Structures are given as structure tokens and as C-alpha cells.
Amino acid sequence: MSPYHDHIRFVNALKNGEAAAYDFLVKQYHQRLCVYAYGLVHDHAQAEDIVQNIYLKVWKQRRKLRADLNIKHFLYKAVYNEFINQYKKQKSVIELEKKYMSTLESVMEEDEKMLLKLIPLVWKEIQHLPPKCREVFMLSKKDGLTNMEIADHLNVSVKAVESQITRAFNIIRKKLGDQANTILYLLFGHQAGYPSLQ
């Protein structure tokens with residue numbers, strides 16, 4: 001077993017600048033942090049940049065780490081803060097903070113490997129939605145349009161848009177269960193509310 005599975009030993013090794021401890025940190029958290037970052041920015045390259053920036057900051061500020069630090073929670077929070085620093089759209093930071101806290105709790109409690117396996121399954125279910133249902137769902141969750149904007153765009157009623165979005169969520173959740181909510185948030189960020197009745 002790696003000596004870094006001892007939490008205090010691991011943090012002290014990081015503080016002391018041990019390269020092996022840093023490598024262990026990257027190996028343990030890189031993929032799951034990229035998944036979380038991608039759920040916020042919807043861009044693979046930007047997600048990678050955010051995670052790389054976090055690792056650089058951790059290394060530069062390693063001497064300030066506390067022995068009782070929860071590394072996992074610290075890294076997820078650092079990724080979120082980096083995202084906020086790069087966030088350019090006019091969105092409510094308070095709303096984002098609420099979403100961050102609820103989603104972080106789910107991500108921390110779930111087996112990250114299981115989440116990684118579920119992401120392609122969610123995409124598959126989205127692609128298998130009825131055509132009109134899929135179109136409305138993607139306009140709402142991927143493109144971020146309001147229900148009114150979608151109704152105008154498709155020349156349908158707002159009620160019809162709401163019905164299609166609710167139908168999409170019901171189909172996905174029926175197939176994948178409550179975990180679908182976490183995956184949808186990782187994929188679409190703050191736009192993945194259930195259901196979206198804007």
C-alpha cells in the first residue's frame with residue numbers, strides 16, 4: 001500500500017515538496033476533477049486548463065496546507081473557484097454557489113468511477129429520446145434557451161415545451177434512476193435543473 005494513503009503523511013509530504021506525493025495527488029484526482037470541471041464549462045480543453053491551474057496553485061502554495069485538510073473537498077472547491085474566476089456570462093453567483101454545494105455533495109458521495117461509466121449512458125439515452133423531445137431538451141439544457149425562447153423558435157406553445165422537457169427527464173430517470181440528476185448536472189451545469197420551467 002502506498003504510504004500516501006495515510007492522510008497526515010500525505011499532506012506533510014506535499015508540504016515538504018516530495019515529487020512522489022504530488023504525482024500521487026495527480027493520479028488520484030486528475031480524471032474526476034476534469035469530469036467535474038467539464039460539467040461546469042462544457043469544454044474539454046478548458047476543463048483540462050482549469051485542473052492544471054489548480055495543480056500548479058497547490059504546488060506553489062503547498063507549504064500553507066494544513067495537516068487536517070480534506071484534500072478531496074479542497075480540490076473540488078478549488079476547481080469551482082477557478083471556474084468562477086473564468087466565468088464571463090451574466091449569471092447569478094448566488095445561484096451557482098447553491099448548485100455547487102448540492103452537486104459537490106453528490107459527487108463526493110458517489111463512486112466517481114461509476115459516474116464516469118454513467119456519462120456515456122446518459123448521452124445514449126438523450127440520443128434515443130423521441131426527435132422532438134430531444135430537440136427541445138437540447139435547446140434547453142445544452143444551448144441554455146428559456147422555454148419562451150424555445151417556443152418562439154419552434155413555433156409551439158410554452159406548455160408544449162415544458163411537457164417535452166419533463167418527458168425527457170422522466171425517460172432518462174426511468175432508465176438510469178436518481179443518479180441521472182448528478183450526471184445531467186455534470187454535463188450541463190446550472191442548466192440541468194429538474195424539470196426546467198423557466
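Mentor: What follows looks at helix α1 and then at the protein around it. This is a predicted model, in which local features need pLDDT of at least 70 and side-chain atom pairs count only at pLDDT 80 or more, while totals for chains, interfaces and linings use all residues. Residues are numbered from 1 along each chain as its sequence is written, and side-chain values use heavy atoms, with hydrogens and water left out.

Helix α1 spans residues 7-15, and its buried residues are F10, V11, A13 and L14; buried here means under 20% relative accessible area with a 1.4 Å probe, protein chains only, and helices are DSSP runs of H or I with at least four residues, numbered from the N terminus. These residues lie on the same side of α1, because they cover an arc of only 160 degrees around the axis, the arc being that of the directions from the helix axis to the C-beta atoms. In general, an α-helix has 3.6 residues a turn, so residues three or four places apart point the same way. The cover over the buried residues of α1 includes α2 (19-41) and α4 (71-86), where contact means heavy atoms within 4.5 Å. After α1 comes G17, with a positive phi near 80 degrees.

Turning to the whole, the protein has ten helices and zero strands, a strand being a DSSP run of E with at least two residues. Of its 198 residues, 42% are buried, and among contacts between residues at least 6 apart in sequence, 68% join residues at least 24 apart.

Note on methods. Buried means under 20% relative accessible area, exposed over 50%, partly exposed in between (1.4 Å probe, protein chains only).
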